[in-house]
Amino acid sequence: MKIGIPRALLYYYYIPLWRTFFEALGLELVISRPTTKTILESGLRHTGDDVCLPVRVAFGHIIDLKDRVDVLFLPRLVSIARREYICPKFLGFPDMVRQGISGLPPLIEADLNLYRRDSLYPFFSALGRNFTSNRFAIYLACRRAQQVQARYIQLLENGFFPEEARAALSGGTGEEQREPARGWPRVAVIGHPYNIYDPYISMNLLSRLARSGVHVCTADNLPETLVREHAARLPKHLFWSLGQRMIGAAWHYLQRPDVDGIIHVASFACGPDSLTGELISREVKRRGKPFLNLTLDEHSAEAGVVTRLEAFLDMMRRRPLLQVGGNGR
Ligand code: SF4
């Protein structure tokens, strides 16, 4: 049986987990093709203007997949951490897809809700029963999937980006430390994984920075505990997992002397991003680091992004402290 997974939304966090689980149960995975203009445009045609860009792109990925698979995996993500929720768009996503796209294959929609528990087993148990009645096989697949996911997270924390980490995992070792980058300056790119790691949506932001000699780090390169420690400085607990991750990471990088600037990547029409963007920019003003806020939508023009990026890099290079070789370089 072929199971389709869209290369969108939390694909960038969870694909090793899903892949290992489904392959252990004997399913063949089909991932949608990398985002292109065609994928984006088909997503735009099937969604309203009030929907954020990542969800519109995800629709395009589902259309890319729907005629090539037997079933589609669209988990209903309610909560991915204890006492926290995730953006409601994830919760309603399977319903939006069912309403917006016709001719779909059967949807596999197990609920992932870790609000009151840490264990992923109930989720995988419900998911696995769609394909087998062998509970032991489901248990083993779940255990194996979590082991692979833990190695993936470790690789991200060692400095890898998701694509590199997946390549290292399939190479079999999975314990490597990324070569320390010699790039200067060092810039933290803070944004949702489905924006910053999708080269089409981000207009090749990460590779563009790397080509300019910039060493890039992201929220995913930090351990969860460290991010949470920083996010806990907020007067009120932020109960959106992704927003908390953005803020905790931004605040950590802001106080690091070896990080020269921050780029915040937001989606147009994203409520959580407007809040996190504001909190981050207030803290940036207090700390006085170069800051660039990029808000992406389907109309974002590459030339505009490149111009702003170049101005931002120029600003960092012209900072008096750096001109005289500050930060020990
Ligand atoms: S967090 Fe923002 S960008 Fe992500 S799905 Fe929700 S509204 Fe869209």
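Predicted model: local features only at pLDDT ≥ 70, side-chain atom pairs only at ≥ 80, totals over all residues.
Residues are numbered from 1 along each chain as its sequence is written, and side-chain values use heavy atoms, without hydrogens and water. Local features need pLDDT of at least 70 and side-chain atom pairs pLDDT 80 or more, while totals for chains, interfaces and linings use all residues.

**Exercise 1.** Find the domains and how far apart their centres lie.

*Solution.* Start with the assignment, which is automatic or from a database: it gives domain 1 (2-171) and domain 2 (186-323). Next, take the C-alpha centres of domain 1 and domain 2, which lie 25 Å apart. Last, look at the contact (heavy atoms within 4.5 Å): domain 1 gives 32 residues and domain 2 gives 29 residues.

**Exercise 2.** List the residues around the ligand and sort them by class.

*Solution.* First, the list: Cys 52, Pro 54, Cys 87, Lys 89, Phe 90, His 192, Tyr 194, Ser 267 and Cys 270 surround the ligand. Now sort, with Ala, Val, Leu, Ile, Met, Phe, Trp, Tyr, Cys and Pro as nonpolar, Asp, Glu, Lys and Arg as charged, and the others, Gly among them, as polar. The shell has 6 nonpolar, 2 polar and 1 charged. Finally, domain 1 and domain 2 each supply at least three residues of this shell.

**Exercise 3.** Describe how α5 and α6 are set to each other.

*Solution.* Helices are DSSP runs (H or I, at least four residues), numbered from the N terminus. Begin with the angle between N-to-C directions, on a scale from 0 to 180 degrees, using axes fitted to C-alpha atoms over the stretch in contact: α5 (residues 121-128) and α6 (residues 135-157) pack at about 130 degrees, with axes 10 Å apart. Under 35 degrees is roughly parallel, over 145 roughly antiparallel, 65 to 115 roughly perpendicular and the rest oblique, so α5 and α6 are oblique to each other.

Notes. Near = heavy atom within 4 Å. Helix = DSSP H or I, 4+ residues; strand = E, 2+ residues; numbered from the N terminus.
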